[in-house]
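Please keep the sequence and the model open while reading.

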Amino acid sequence: MDSVALNTAYAYATVLTVCTLILAILHHLYFYHVQCAGMRLRIAMCHMIYRKALRLSNMAMGKTTTGQIVNLLSNDVNKFDQVTVFLHFLWAGPLQAIAVTALLWMEIGISCLAGMAVLIILLPFQSCFGKLFSSLRSKTATFTDARIRTMNEVITGIRIIKMYAWEKSFSDLVTNLRKKEISKILRSSYLRGMNLASFFSASKIIVFVTFTTYVLLGNVITASRVFVAVTLYGAVRLTVTLFFPAAIEKVSEAIISIRRIQNFLLLDEISQRNRQPPSDGKKMVHVQDFTAFWDKSSLLSAVLGELAPSHGLVSVHGRIAYVSQQPWVFSGTVRSNILFGKKYEKERYEKVIKACALKKDLQLLEDGDLTVIGDRGTTLSGGQKARVNLARAVYQDADIYLLDDPLSAVDAEVSRHLFELCICQTLHEKITILVTHQLQYLKAASQILILKDGKMVQKGTYTEFLKSGIDFGSLLKKDNEESEQLPVPGTPTLRNRTFSESSVWSQQSSRPSLKDGAVETQDTENVPVTLSDENRSEGKVGFQAYKNYFRAGAHWIVIIFLILLNTAAQVAYVLQDWWLSYWANQQSTLNVTVNGGGNVTMKLDLNWYLGIYSGLTAATVLFGIARSLLVFYVLVNSSQTLHNKMFESILKAPVLFFDRNPIGRILNRFSKDIGHLDDLLPLTVLDFIQTLLQVVGVVSVAVAVIPWIAIPLVPLGIVFIFLRRYFLETSRDVKRLESTTRSPVFSHLSSSLQGLWTIRAYKAEERCQELFDAHQDLHSEAWFLFLTTSRWFAVRLDAICAMFVIVVAFGSLILAKTLDAGQVGLALSYALTLMGMFQWCVRQSAEVENMMISVERVIEYTDLEKEAPWECQKRPPPTWPHEGVIIFDNVNFMYSLDGPLVLKHLTALIKSREKVGIVGRTGAGKSSLISALFRLSEPEGKIWIDKILTTEIGLHDLRKKMSIIPQEPVLFTGTMRKNLDPFNEHTDEELWNALQEVQLKETIEDLPGKMDTELAESGSNFSVGQRQLVCLARAILRKNQILIIDEATANVDPRTDELIQKKIREKFAHCTVLTIAHRLNTIIDSDRIMVLDSGRLKEYDEPYVLLQNKESLFYKMVQQLGKAEAAALTETAKQVYFKRNYPHIGHTDHMVTNTSNGQPSTLTIFETAL
């Protein structure tokens, strides 16, 4: 070769290397900036969504669910991150295609059009795939939403589900949803597989079509033409077949998400009412001619401005504090829950704690008021939550207090304390509107308003009422209809309900509050902490995880077949190119030999060369498609298997597990991690396998052509391995950090949605927004780290590739004498494809490892510690328990192995058909007694029911035989029928009868679909009282010998309460009934009363006997109710006692009215034939 040609060649090689390097740097700069822009968009969107969530009106809350909003934050906004990356390829793609076509035309003339035509045909083909794909996506999304919503309910109501032994029903429900979801996912995965396969073989088909045309047109193949074409097609192929369709897909996905977000942002907002103090400094609440669909909670929501009046007006002057009926606490310390953003002033704080009877409770907590309470205040009892809520209101020092029944969740003693110290003393200079069911407190009110049917029945002072001779009791129970029905959006509003509610209004001489109109300074308390930080598993993902993951998807024979298929596909891929170069070489040697004897170009045997070429091309395409589909099939299958295992394991986990792990953390496994396994992981794995094999192919071709390339490959390999290890350690932790900083964002959102009214009443939107932004910023920091580290790595990798290209280019020049043009062309064009591909391959390998963390997390939840088995070898006889005798024999109980004893040495005998009341201060172990009976955690000691040891039989056998009316009544989304009878064990008639018994029949008949109406999320369209009645109906249907009532009467008005009591006496007369009561009048006529105090059984006897002993705890509890009430209770106890023990003495009619001081007793006692 002459030196001029050689020098030119060197010049070309130099230009080649410079271009390669410049490309490497610019490419990544571009990506970095675009991704940052995407991140900013996403953060802004999150902020907007949260801001909107805080302003949703009640109507709007009915149209959306917590799950949906969380989904907007977790999935939809992420589209912004992805769309910006590809957006510019929408215009850059076509531009590049035009440029390449022009260059090719110069090189091989008209044949290039054939190749471009194939590219153009592939485009609509792919975008059609994309369209199909996104329609499937949105279908999948609805199933996923439904599944996650159900999961949310299962995890929230897990206690109830366990006590009812309903796990199987929910398991079926979730499994069905999951099946539908998976079938859609499989379809979309196959589409994706086709897409990837077409991408993989596109370049082959293009080159094949181009050169077949070229040869058939009678041209001669030469190495230079072949490899220029191959390289140019390689450059345009990426853009046209990958980035351009991706851009279209991502943009269309983003548009769908934007629409979803827009619909959410356009929901109704609450009207912003300014509650400014009026000029004359008088604080007041004025409600005039106001119409809305009411019960007493609606009245408060009207004053809060939550409920828009249909006409009339509500004007409020002064700052409002509100206590909701269902207490709300957020993650943080008890103190931060009480301060709620106000400055900590020790003296005032102490006063509030004392007034709200929290002093003793705080001493019992390990860190006092700095104890952390988790996602839903896991460590507090219902009564404690209620008091913390009250304390929060009192500490706010507002002008107007709206108290929605705060006294019913606590026991009588505490209730009295709260009323006297907190409501009457601490708040006596404020306007206080108290909704209550407890009539003994009416005396203290300066004005009483009685609501019924949503109309004001009576308004006046206590003495006026007495003069007009109104009997409160009768007023509150004349009608025997349903109580409380909140209108459901879209169903006819029911106006004919009775609202037996007494609303207590007090308007007192209110002087301006302590602050004298000073501007409220808000000192934000430090960011709340949660129960236990999510464990971030450190270090590498083990080989074990991969093994489990693949084995979950298919048999190992299938997996071996899969490996072989992959190898075959890659071999075909390389052979096709090698055949082209071989052909070109044969042609040129032919040319050379003929040159001597006259320049006649001999034709090679076209059919033979073209035939083999076509065969190889076909093989490449077929193998490519087969392997894609198989990989997807195996991996989606494995996701299905793992989800089922995890769900099963969650259902069998003991209750303790749910107390320790916040809902968000468990849900995260089911939404985000399973989402990865369904969606991203199979795609990434396949992509990784493809690119890895291609990289191996490229390097082996180069080494086959120029063996000594292997020498510089060694140091490059070492550098690469070192870089990858260094990067992966960082990146993995950054990724983990990112996913742990993400949880608090969601937890904060869902807890804010729960306490929405409270937050708005306290005007704490700003603070919650700041907190949300703080969580969000923390997450952004981690995300930004993730972006920059991955770019850093990518630049280094491309540098390694550039080195490889340089080595191949200059190497082949130095050895020019010994090499064929075709081989050099093959090696160089392959080396150039390495540029983007190698770093993509490594990035995908890192991605696979990162996503395997999701697999690890799911696998971690597939073998949680289990409760005892649901069914054992030893099954109790079907009629058991026949008698319903319960014996506690030296029972100790604790919730966790290292936890404190909550029941200590409890020994008691409950006889058959006995009615036992269980009383004690909040936290005395009353609910723990029930937990021990249901074996929510395994008790020490023995509990016998009818001569069978409860610990010897399966949990379902045990739990199905006891009915419970739980403390917090839970309804599940689904139909009313499903809620009453999830296993379809009863006829319609039985269901209607049960509803008739609890007086819900009319309510249900008024619904559009009767019993098959879908309830709103967790039955929120029923009032607390009605939900309690549904729980009672469930108990009636079960017809068990043992019934347990856990403070069932807490949030219910006296009429519903009376109804429940009456039904229990009628329906369960022949059963053993245990009642945990806060109001003593519900259990004063029990056969015996158990008094618990800090986990020990202090007293256990008939009520009358206990009342005879002036030293007994029970006597003291009764006395605390006030003279009249105590006397009435004692009288009832006496009547019951004599009637039971000396029935032959003719007993007088005992509808007792205690008129000792001219007041009708507020207590109505029913004749009970026990």
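K1039 is exposed, because its relative accessibility is 61% and the cut-off for exposed is over 50%. The model is a predicted one, and the values in this report are computed from it. K1039 sits in the loop that joins α32 (1024–1038) to β17 (1042–1046). Its backbone is marked by a positive phi near 50 degrees, in a residue other than glycine.

D946 also has a positive phi near 50 degrees and is not a glycine. The loop that holds D946 runs between β14 (940–945) and β15 (948–949). Is D946 buried or exposed? With a relative accessibility of 14%, D946 counts as buried, because the limit for buried is under 20%.

## Helix α14 and the residue after it

Helix α14 covers residues 382–396, which makes 15 residues. Of the 15 residues in α14, 14 are buried, so the helix is mostly covered. D397 follows α14, and the phi of D397 is positive, near 55 degrees.

## N337 in helix α11

N337 belongs to helix α11, residues 334–339. The relative accessible area of N337 is 0%, so N337 is buried. Which residues does N337 contact, once neighbours within four places in sequence are left aside? The contacts are V329, F330, G332, I373, V388 and R392.

## Y1137 in helix α36

Y1137 is part of helix α36, which spans residues 1123–1141. Its relative accessibility is 17%, and Y1137 therefore counts as buried under the 20% limit. With neighbours within four places in sequence set aside, Y1137 touches E1102, Y1104, V1105 and Y1142.

The C-alpha atom of Y1137 is also 8.3 Å from that of D1085, a residue 52 positions away along the chain.

## Nonpolar cores

The largest nonpolar core has 117 residues. Those that touch the most other members are I650, I886, F888, L933, I1004, I1044 and F1068. Helix α20, residues 606–652, gives the most to this core, with 10 residues. Apart from this core lies another, of 71 residues, whose members include V100, Y609, F720 and M837. In soluble globular proteins, nonpolar side chains tend to be buried together.

Not counting residues up to four places away in sequence, I650 touches F657, F658, I666, F670, Y861 and L864.

## The chain as a whole

The chain has 1170 residues, and 55% of them are buried. Its secondary structure comes to 36 helices and 20 strands. How much of the contact set joins residues 24 or more positions apart? Such pairs account for 82% of the contacts with a separation of 6 or more.

The accessible surface of the chain comes to about 48900 Å². Carbon and sulfur atoms hold 61% of that surface.

Key. Residues numbered from 1 in each chain as written. Predicted model: local features only at pLDDT ≥ 70, side-chain atom pairs only at ≥ 80, totals over all residues. Heavy atoms only, no water. Helix = DSSP H or I, 4+ residues; strand = E, 2+ residues; numbered from the N terminus. Buried < 20%, exposed > 50% of the residue type's maximum accessible area, 1.4 Å probe, protein only. Contact = heavy atoms within 4.5 Å. Core = buried A, V, L, I, M, F, W, Y, C linked by side-chain atoms within 4.5 Å. Expected span 1.5 Å × (residues − 1). Areas by Shrake-Rupley, 256 points an atom, 1.4 Å probe, with all protein chains shown as cover.
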